[in-house]
Amino acid sequence: MEEHTDRTQDRETASRGLQGVREAAQRDKGLRFTTLLHHVNEKLLLDSFYQLKKEAAPGVDRVTWGEYEQGVEDRIKELHDRVHRGAYRAQPSRRVYIPKPDGRRRPLGIAALEDKVVQQAVVTVLNHIYEGDFAGFSYGFRPGRGAHGALDSLSAGIMTKKVNWILDADIQGFFDHIDHENLMELIELRIADRRILRLIRKWLKAGVSEDGQWSETKVGTPQGAVISPLLANIYLHYVLDQWVMQWRREYAGGDVIMVRYADDFVLGFQQRQEADRFLEQLRKRLADYGLELHSEKTRLIEFGRFAAGNRERNGAGKPETFNFLGFTHICGTIRKSGKFTVLRKTIGKRMTAKLKNISAELRRRRHDPIQQTGDWLKRVVQGYFNYHAVPGNLRRLYTFRGETARRWLLSLRRRSQRSRWTWERFERLINQHLPEPKVLHPYPLTRFCAKYPR
């Protein structure tokens with residue numbers, strides 16, 4: 001009981017210390033913090049360890065979460081000592097590849113477990129500084145924010161502001177092209193603790209191990225590293241977000257909105273000429289920091305309450321659509337009132353890719369007990385619905401459920417050449433395991449206005 005009380009008091013003391021950092025950062029936006037590493041104490045390192053995903057793949061050290069937990073307090077004490085003596089050494093990330101919906105492969109860097117622990121602790125400390133700095137339209141990888149907040153903000157902005165043009169922008173290979181020296185200069189605008197800066201440099205310079213071969217990393221930060229999302233947000237905060245806010249104040253005569261989730265961002269403009277001018281200057285701004293827009297994925301399209309009428313008069317057909325965070329955004333109308341709204345449907349290619357993954361896993365599980373496979377499918381389908389069940393997307397959800405069921409039936413029939421699986425018999429199994437689609441999220445304006453009342 002006494003040990004538990006001491007640990008609770010230590011955590012409360014640490015929390016008060018970080019709260020002081022947060023308050024100081026909010027009071028003075030130009031303050032540079034010179035002493036931060038002492039906040040990375042044993043208790044924070046232990047908490048950081050328990051924040052990691054238990055099932056995550058190991059890095060080059062091949063140490064799993066479960067293995068490290070054996071004697072974890074002694075391990076953390078020794079790690080803390082190495083960090084504060086300067087004896088801690090970052091290990092290279094283990095390079096793996098995951099398939100993308102377009103058939104290409106995305107490289108991921110899996111850090112060693114102790115690197116993840118220290119990175120998570122440093123992220124916790126730095127978040128107390130940067131959360132007060134980051135723009136309100138930035139949603140990716142921030143405490144208390146997520147993809148649905150970004151989606152709500154985008155729909156609310158298009159429907160409540162005078163948006164007639166959408167700039168759907170994509171930075172080509174963003175994580176692979178972050179310039180280390182530029183990044184460190186931007187971090188040093190707020191962080192002057194040399195030991196924290198040294199840790200970040202160690203992670204950036206640790207390199208990558210692929211098939212046993214080490215390679216140096218002079219630019220970029222590995223996707224998959226715990227520290228990478230924060231570093232990306234810091235980079236884009238100064239390179240993009242602050243620049244956009246300044247551009248809007250100095251040059252915009254009409255409405256301009258922006259929503260960013262990590263390196264994925266969308267802007268809305270009232271006037272076409274301002275959108276064209278912004279795009280031209282954005283290319284130059286990014287080039288100054290070693291970045292460029294993807295020529296094929298960056299588009300300026302007519303979109304908004306007047307787009308359908310304007311394009312019909314010009315004989316241009318229906319308004320174009322754009323994709324953001326897993327949804328295709330479409331100019332639509334509310335059935336009863338006829339008012340403009342933004343419709344959102346699951347991106348077709350994404351759904352097809354997910355169904356292919358389910359088919360592959362069903363083949364692997366073909367001879368598993370039916371109840372076990374059914375329980376797995378229930379979790380998969382419910383997890384899919386938890387993200388995609390937004391108003392207006394029910395038809396896609398029914399399609400997903402139906403296609404999942406069809407693939408399961410094919411898998412069951414292949415278990416034996418003399419299969420007795422009729423559709424009627426299988427339908428009882430579907431109703432038992434596959435959830436019925438239903439809307440799980442409120443309308444964007446409802447949730448956005450509740451969260452940000454004006």
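## Terms and model

A residue is called buried under 20% relative accessible area, exposed over 50% and partly exposed in between, with a 1.4 Å probe and protein chains only. The model is predicted: local features need pLDDT of at least 70 and side-chain atom pairs pLDDT 80 or more, while totals for chains, interfaces and linings use all residues. Residues are numbered from 1 along each chain as its sequence is written, and side-chain values use heavy atoms, without hydrogens and water.

## Overall fold

The protein chain contains 16 helices and 11 strands (DSSP runs: H or I of at least four residues for helices, E of at least two for strands, numbered from the N terminus). Of its 454 residues, 47% are buried. The C-alpha atoms occupy a box of roughly 70 × 65 × 50 Å along the principal axes.

## Aromatic pairs

There are 20 aromatic pairs in the structure. Rings of Phe, Tyr and Trp (its six-membered ring) pair if their centres lie within 6.5 Å; planes under 30 degrees apart are stacked, over 60 edge-to-face, and the rest tilted. Phe49 and Tyr68 form a tilted pair, because their planes stand at 40°, with ring centres 5.5 Å apart. Phe49 belongs to helix α2 (residues 42-51) and Tyr68 to helix α3 (residues 65-69), so this pair ties together parts 19 residues apart in sequence. Both Phe49 and Tyr68 are buried.

Trp247 and Phe269 pair edge-to-face, at 6.4 Å centre to centre and 90° between the planes. Trp247 is in helix α9 (residues 228-251) and Phe269 in strand β7 (residues 264-269), so the parts tied together are 22 residues apart in sequence. Trp247 and Phe269 are both buried. One aromatic cluster is formed by Trp243, Trp247, Tyr251, Phe269 and Phe278.
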